[in-house]
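Please examine the structure shown below. The questions that follow proceed from single residues to the contact between chains.

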Amino acid sequence: MYDNMIMYENLKKHEEEIIRCIRCGFCKAVCPISKELGWESSTPRGKMMIGLALHEKKISLTDLAWKSIYCCTTCGNCKEICLSGVNTVEIIESMRADFYRIGKGLENHRKIKESILEYGNPLFERGSRISFIKKIKKKAELVYFVGCIASYRMQEIAKSTVNVLKKSKIDFTILENEKCCGSVLLRTGAVQEAKYFAKHNVKEIEKTGAKKVVFSCAGCYLTFKKDYPKIVDIDFEVIHLSEYLDELMKQGKIELKNTREIVTYHDPCHLGRHCGIYEQPRRVIRKIATLIEMEKNMENSRCCGAGGGVKSGFPEIAIDLGKKRIIDAIEANVDTIVTSCPFCVYNLKESAKSLNSNLGVKDLSEFIVSDLADDTKG
Amino acid sequence: MAKLKELINIVGKENYAEDEAELISYSRDAFPGEWHMPEVVVRPETTEQVSRIMKFASKNKIPLTPRGAGTSLAANSVPVKGGILLDLQKMNKILEISPKDLQVVVQPGVVYDDLNLALKKYNLFFPPDPGSASVCTIGGMVANNASGMRAVKYGVTRDYVLKLEVVLPDGTVIKTGSNALKSSSGYDLVRLFVGSEGTLGVFTEITLRLRTLPKYITTALALFSRVDAAASAVSNIIGSGLVPGAIELLDKETIKAVGLEEVGAMLLFELHGSKNAVQEDAQKLSKICIENGCIEIKVAKNEKEREELWLARRGAYPALVRIKPSPITGDVGVPISKYPDLIKKTQIVAKKYGIRLANFGHSGDGNLHFIIIADQRKSKEWERAQKVNREIIKYALEFGGTCTCEHGVGLEKKEFMRLEHGNTLDIMLALKKTLDPNNIMNPSKIFEMC
């Protein structure tokens, strides 16, 4: 596509910021995609150059140009290390929004968008999200926002989370009409479409009268925490399950038994680097198990490979990156890798399988639920 | 372009790129200069492939620019004449570690930090530590004779290269140098190739000598009300026979940019050795600093304090590059006794042109990184910034120094080569002509061929 007529409106807003990139290349050292592909176009620095070159009409929008922008897990490690303080993730997402607007999205992303618009989830699921829970209250103090993956693909996470909430004796409910949070849409450029979902979910939560919403999914949490306030007014507290468990533990509202298991913790990028939640899940885990850190952890954590639309757009790359994280855990000599995001769990499980590894992969909710007293079960 | 496609037969489709988006990504490095796209990028994996690529380029007289991680601050890896961009990052194997001989053989694409991580198991390290350690490649370091903060004690890349396998422009593969630590045998071609910036050939195997890791390290920080007092302290420390692992100077502008309490200058020292020796050195060093008017000195008692003392230095470059979008990073070097005079000159010149300038550098070896804070898009400001750069370099040369200590000449400092080298430059040109008669290797770098 020759694109002298294309205006990159979103990209234009970031011109000043892209120019600040001094191309030192430090981002290359931490970018999972760059390490995988090696080509300069796959590095965050390369992506900034492609963006600026498109904006300045130095190049046309070639296949590689737009694919390189989509081939990013938005893990944020480059942003963390950037000498010039360039918000690479925001710039990449802006470029995606421009590409999307001119009809240059990835085919798989387009299908996912259609599924979200039609069924309210990215998984082409027509069935009920809430088949695992018998009765739903109309009003409650707290809402558990389940998220699409835990609703349809990893129900153990949803069930475990519900059990934990029951144990805490809090008055909670889940939404009768929850829809995709819109994270996938936002990460892949469909910004306008995402707005509808933000408004819908906030309205549904408001109906319950809840003052607090808890998430077991790092992606939904990030979207509510950082993206929703730009779209809609929010009058409730947004909290991740790991924060909530940490609070409950401090208040003595749940008791956990020490399992003596040896585990490591994988920081989901959307929870760690993007929202700064590192200590809370670790405090919870330390209470019941021995926590061994992998070499790359917290701010320097290695991305599982699934985020930012990479799992759907470039599934083989997602698995290759996931394998590296599984190897990190194996090298840490642990039985289980615990994380706080169903999407990380999903990709890491698949990656472990393709490595023929018997390493356990568990969401934090699943990990602790086996250690709760019996009355929380069922 | 049709002819360039023949390169696919050498490297395979997966290592060949001609998409504009790829080409533009290789059109610049960390130098704030123009964009120059290559016509094609290839990623060889073996010496044989490099040789065949070079033969092809020679036969067809196509310019060829070798590139490691592309972190050059002097445009060394920018393909100004288009042609073939040779990305060597896939040749990233550590071929052999010989702990008994304290040597290692690597391919050019090995990343500096990765090498030292592998060597750590043997209690060994490759000391020259450039600022881009996490990403730069050994090949790039050798091509630019790179170094960093530890050069004052351990020297530069050149001091560690024992042997090289080089592919010459016509595709001939040569091995030069020796595994013996000393050799009086013939011309030292290794020294010719180190720092040749990809203008003479491509390194495909590099043999380095190594050092054992220091047993104990401590850090000290000294504050001075005036930068010349700090500079004279450096001179006296070196004169006393102390050899710190690093002596970093930060001037007032840099300290201000980092956001610390304003003070005239700051010196950061590292001391390496046995615990007793380091402690003894720290006392001697403190005494000399105090004699030279230091207003405060802190010696780290543990690793945590060491880290804290280094924060200001680590934050210096990021803080300075955030002020305006296209900072110019100077890299001049002078004899240590001239260091205070050079700093004074930088301030005078910057003031004359109304340009903001900050200094920090490896003061122990006379290497000053002056940062000219400028915006390339403002043509008048950029012109003044260039003048500041030129005048400071000229002063450094007048003081018996060099236009570049560790970044290389690239495009940026070509104009000073005659001034710095006089008629010796003609010998360099003659050597270039002998080894690269068609001038295909990284053309327009270091000097222009007539």
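**Questions on the predicted complex**

Arg260(A) is exposed, with a relative accessible area of 70%; exposed means over 50% relative accessible area, buried under 20%, and partly exposed in between (1.4 Å probe, protein chains only). This is a predicted model, in which local features need pLDDT of at least 70, side-chain atom pairs count only at pLDDT 80 or more, and totals for chains, interfaces and linings use all residues. Residues are numbered from 1 along each chain as its sequence is written, chains are lettered from A and ligands numbered from 1 in the order in which they are written, and side-chain values use heavy atoms, with hydrogens and water left out.

Q: What is the mean pLDDT of chain B?
A: The term pLDDT is the predictor's confidence in each residue, from 0 to 100. In chain B, 100% of the residues reach 70 or more. The mean pLDDT of chain B is 95.

Q: Where in chain A does Arg260(A) lie?
A: Most residues other than glycine have a negative phi. Arg260(A) is not a glycine, yet its phi is positive, at about 60°. Helices (H or I, at least four residues) and strands (E, at least two) are DSSP runs, numbered from the N terminus. In these terms, Arg260(A) lies in the loop between α15 and β5 of chain A.

Q: Is Asn123(B) buried or partly exposed?
A: Asn123(B), a residue other than glycine, has a positive phi near 60°. Its place is the loop between α4 (112-120) and β7 (124-125) of chain B. Because its relative accessible area is 41%, Asn123(B) is partly exposed.

Q: Which elements of chain A do the buried residues of α16(A) pack against?
A: Helix α16 of chain A covers residues 279-288, and its buried residues include Val284(A), Ile285(A) and Ile288(A). Contact means heavy atoms within 4.5 Å. The buried residues of α16(A) pack against α15 (241-250), β5 (261-266), β6 (289-291), β7 (336-339) and α20 (364-369).

Q: How many residues apart in sequence are the parts that Arg313(B) and Glu248(B) tie together?
A: A salt bridge is a side-chain nitrogen of Lys or Arg within 4 Å of a carboxyl oxygen of Asp or Glu. Arg313(B) and Glu248(B) form one, with the closest N and O atoms 2.7 Å apart, and both residues are buried. Because Arg313(B) lies in helix α11 and Glu248(B) in strand β13 of chain B, the pair ties together parts that are 65 residues apart.

Q: How many residues apart are Glu253(B) and Arg356(B)?
A: The side chains of Glu253(B) and Arg356(B) meet in a salt bridge of 3.2 Å, N to O. Glu253(B) is in helix α9 and Arg356(B) in strand β18 of chain B, so that the pair links distant parts of the chain, 103 residues apart.

Q: Which three residues supply 19% of the area that chain B buries against chain A?
A: Buried area is the accessible area (1.4 Å probe) that two parts lose on being put together, summed over both. Between chain B and chain A the area buried is about 2800 Å². More than any other three residues, the 19% of chain B's share comes from Trp35(B), Arg322(B) and Arg377(B).

Q: Which residue of chain B forms a salt bridge with Glu16(A)?
A: Across the interface of chain B and chain A there are two salt bridges by the rule. In the pair that contains Glu16(A), the closest N and O atoms are 2.6 Å apart, and the partner is Arg377(B).
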